[in-house]
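Hello,

Here is the structure we talked about. Please open it and keep it beside this email as you read.

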Amino acid sequence: MAEIRSTIDMVMERAARMAAESKEDTSGETAIREGMRLAAEYLQQEEGNLLDALEKCRQEDRKTILQGMLETLLRNIVLPRDQILLQSSMKALAAVVEIAPESVAAACSELQQLLSQYTQHKEQMKNQLDDAIRSQLEQKLAQQGTQLTEEMSINPAMHPQYKEELERMITGLNGQYNEALDQRKTLIRRQSLASL
């Protein structure tokens, strides 16, 4: 009977340890979610300060909350399809600079440069494609003996292969820029977590 009781005691002790570990994991997950929530609210507001929000949190949860904040902010740094996304990404990047350690300043600067260059690079590619198709169409007209007059205008977007070629070029450009963004984000995560 003594052996049975000691086995039961051992099982109960193990269950208590597992419950305590589970409680710690849940607490960490809750703190990460809290950090994510705070960062998301910050991004939606006109004004705010993440460091002030962090100061209001419990001292023992701050590192984990900071980790959640950082993750949300980095997820919101994306290639800008338009000016609104560019502003949103720049706001998220500015918040990363504010809450992350100084060791990530170079990577943040590179992210900012990538975001700024992307729109310019995309526009340059579109203009080059427009010029190439316009030139090709002008050559075809010249071969047919048709002279281009001022009243005639060539719209490269009307060319049957224009849309397909533009999508192919933009897909390639997006792939390159997304890879570069992901590399910088990974570096920021790694350096930030190492300093926590």
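Below are notes on its ring contacts and its salt bridges.

This is a predicted model, so local features need pLDDT of at least 70, side-chain atom pairs count only at pLDDT 80 or more, and totals for chains, interfaces and linings use all residues. Residues are numbered from 1 along each chain as its sequence is written, and side-chain values use heavy atoms, with hydrogens and water left out.

**Rings**

There is one aromatic pair. Y118 and Y177 have ring centres 5.3 Å apart and planes at 70 degrees, so they meet edge-to-face. (Rings of Phe, Tyr and Trp, the last by its six-membered ring, pair if their centres lie within 6.5 Å; planes under 30 degrees apart are stacked, over 60 edge-to-face, the rest tilted.) Y118 is in helix α5 and Y177 in helix α6, 59 residues apart. (Helices are DSSP runs of H or I, at least four residues, numbered from the N terminus.) Y118 is buried at 3% relative accessible area. Y177 is buried too, at 8%. (Buried means under 20%, exposed over 50%, partly exposed in between, with a 1.4 Å probe and protein chains only.)

**Salt bridges**

The whole structure has 11. (Each is a side-chain nitrogen of Lys or Arg within 4 Å of a carboxyl oxygen of Asp or Glu.) One of them joins E41 to R37, closest N and O atoms 2.5 Å apart. Both lie in helix α1, four residues apart. E34, R37 and E41 form a network. R168 bridges to E165 at 2.4 Å. R168 is exposed, at 53%, while E165 is partly exposed, at 27%.

Best wishes

Technical notes
Helix = DSSP H or I, 4+ residues; strand = E, 2+ residues; numbered from the N terminus.
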